[in-house]
Amino acid sequence: QVQLVESGGGLVQPGGSLRLSCAASGRTFSSYGVGWLRQAPGKEREVVAAISWSGTTIARDSVKGRFTISRDHAKNTVYLQMDSLKPEDTAVYYCAAQAPDRWGTMRYDYWGQGTQVTVSS
């Protein structure tokens with residue numbers, strides 16, 4: 001069993017930065033891939049970025065060069081550094097964990113509660 005708790009969301013002006021954290025409990029977490037997904041009102045949930053147990057990362061085109069995903073195995077925490085934020089980045093952001101054989105898919109086994117990110121002047 002893996003439990004995930006997100007933090008770090010909030011209100012930021014366009015061009016600003018935020019760092020989201022996803023703290024996990026569970027002895028098997030280090031072997032899991034972790035994704036950051038977001039859902040804006042009226043839109044489908046989408047993967048923003050993901051990182052495998054070994055550190056391989058993927059990101060959607062709209063955030064490449066602006067968002068960076070990383071993980072600290074010692075702290076059982078995955079981060080999403082978001083720079084140059086835009087109003088269209090406004091959404092609820094979720095972290096989710098997936099078993100190793102699900103890497104690269106949209107199938108996630110465990111979810112956090114979500115954290116709101118609002119980019120507005």
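Author: First, a definition: a residue is buried under 20% relative accessible area, exposed over 50%, and partly exposed in between (1.4 Å probe, protein chains only). This is a predicted model, where local features need pLDDT of at least 70 and side-chain atom pairs count only at pLDDT 80 or more, while totals for chains, interfaces and linings use all residues. Residues are numbered from 1 along each chain as its sequence is written, and side-chain values use heavy atoms, with hydrogens and water left out.

Reader: How many salt bridges does the structure hold?
Author: Side chains of opposite charge can pair when their charged atoms come close. To count here, a side-chain nitrogen of Lys or Arg must lie within 4 Å of a carboxyl oxygen of Asp or Glu. The total for this structure is six.

Reader: R60 and E46 pair up, so how many residues apart in sequence are the parts they tie together?
Author: Their side chains form a salt bridge at 3.4 Å, N to O. Both ends are partly exposed, R60 at 29% and E46 at 24%. Strands here are DSSP runs (E, at least two residues), numbered from the N terminus. Because R60 lies in the loop between β6 (57-59) and β7 (67-72) and E46 in strand β5 (residues 46-51), the separation is 14 residues.

Reader: Is D109 buried or partly exposed, and at what relative accessible area?
Author: D109 meets R102 in a salt bridge of 3.0 Å, N to O. R102 is partly exposed at 25%. D109 is also partly exposed, at 29%.

Reader: Which residue pairs with D61 in a salt bridge?
Author: Both partners are exposed. The N to O distance is 3.2 Å, and the partner is K64.

Key. Helices (H or I, at least four residues) and strands (E, at least two) are DSSP runs, numbered from the N terminus.
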